[in-house]
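Here's a quick briefing to read with the model open beside you. Have a look at the sequence and fold below, then work through the notes.

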Amino acid sequence: METLNRLFELLAGDPQADRAVPPTGFTARLTLLTAGAMAFLAVFALALSLATGRLSDRWAAELAKTSTLRISAPQDQMDAQTRAALTVLQSTPGIAQARPLTDDEQRELLAPWFGPDLPIETLPVPQLIEIIEDSDGFDSTGLRARLQAEVPGAVLDDHTRWREPLVEAASRLRLLGFVSMLLIAGATAAMITLAANAALAANSQVIRVMRLVGAQDIYIARAFVRRFTLRALIGAAVGTFLGTLAVMLLPSADAAGGFLTGLGFQGWHWLWPLVIPILAALVAFVATRQAALRTLKEQS
């Protein structure tokens, strides 16, 4: 309750103390523009972090439980080796399902490179078998040994070779997004500190008069904190609105577009941008308070 009372007092302000802070001018425009621009960038950094997080989780979930068996054999041995491979897979613990892909499914896989009309039936294309693991998983080393002995043309791909780099890359991008938001918060604090120092220096005469009539430093500092916090809040709110609007105008996610078309918010993640103006106001509050008290102490 006491915190709320202090918050209401801060928002209400004091007309006498507010006279020490210029309502317009260079510092006001600098604070509003800085908060707006940084909030706009923060929305994109947040969208990048959340999108790469979803991508990392999806890749890890979709690829962790699937593997592919590729059978390369002469055409007259292909069916026999496929049946032998299915027999091995169906008797392997940890495999829930194994099935050979149809010609249409293999044609669809090759369509991005060779077009949709590839005559796959007449080409020596390897036979692919999709393997789905159960919750326990299978022993890939043991399975490879059995396949090498019983199906010479079979090659097992458990996706580990290219799954891990993709998941790691997505995780690094997510970390980069969070680091970017920290840098944005630091840059915002630095710019608001400069603006507050400039305002304090420009109004040193007014501050001196207020001290002569008994005003304490915390009373004067509170006026600067209020003004700069509200300016940061308003500027960040506008920047967040424009940034969110820009994210909404991005192309919607689809399978063909891949990562770039999925760069945005989904579901309740659309609420996350609402946090940005609050954080901007908090950064401005701390930065202005520190700058004001330090400068007033130096001027005394």
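Keep in mind that this is a predicted model. The notes start with what covers one helix: the buried residues of helix H4 are covered by strand E1 (66–71), strand E2 (95–100), strand E3 (127–133) and helix H6 (140–150), among others.

**Helix H4**

- H4 runs over residues 75–90, which makes 16 residues.
- From first C-alpha to last, H4 reaches 23 Å, close to the 22 Å expected at 1.5 Å a residue.
- Which residues of H4 are buried? They are Met78, Gln81, Thr82, Ala85, Leu86, Val88 and Leu89.

**The sheet**

- Four strands make an open sheet in the order E2-E3-E1-E4, and the pairing is antiparallel.
- The edge positions go to E2 and strand E4 (154–157); each has a single partner strand, so one side of each has no neighbour in the sheet.
- On average, neighbouring strands here are turned by 20 degrees against each other, ignoring direction.
- Inside the sheet, E1 and E3 pair in the antiparallel sense over six bridges.
- As background, strands of a sheet pair through backbone hydrogen bonds, either parallel or antiparallel.

**Aromatic pairs**

- How many aromatic pairs does a search of the whole structure find? It turns up three.
- One of the aromatic pairs is Phe40 with Phe44, a tilted pair at 5.2 Å centre to centre with 50 degrees between the planes.
- Phe40 and Phe44 are four residues apart in helix H3 (residues 26–64), so about one helical turn separates them.
- Phe40 counts as partly exposed, at 30% relative accessibility, and Phe44 is partly exposed too, with a relative accessible area of 26%.
- Trp268 and Trp272 also form a pair: their ring centres are 6.3 Å apart and their planes are at 45 degrees, so this pair is tilted.
- Is Trp268 buried or exposed? At 57% relative accessibility, Trp268 counts as exposed, while Trp272 is partly exposed with a relative accessible area of 37%.

**A charge over a ring**

- Take a look at Arg231 as well: its charged end sits over the ring of Phe228, 5.1 Å from the ring centre.

How values were computed:
Residues numbered from 1 in each chain as written. Predicted model: local features only at pLDDT ≥ 70, side-chain atom pairs only at ≥ 80, totals over all residues. Heavy atoms only, no water. Helix = DSSP H or I, 4+ residues; strand = E, 2+ residues; numbered from the N terminus. Expected span 1.5 Å × (residues − 1). Buried < 20%, exposed > 50% of the residue type's maximum accessible area, 1.4 Å probe, protein only. Contact = heavy atoms within 4.5 Å. Phe/Tyr/Trp six-rings, centres within 6.5 Å; stacked < 30°, edge-to-face > 60°. Lys NZ or Arg CZ within 6 Å of the ring centre and 35° of its normal. Pairing = 2+ DSSP bridges. Axes fitted to C-alpha atoms, helices over the stretch in contact; angles between N-to-C directions.
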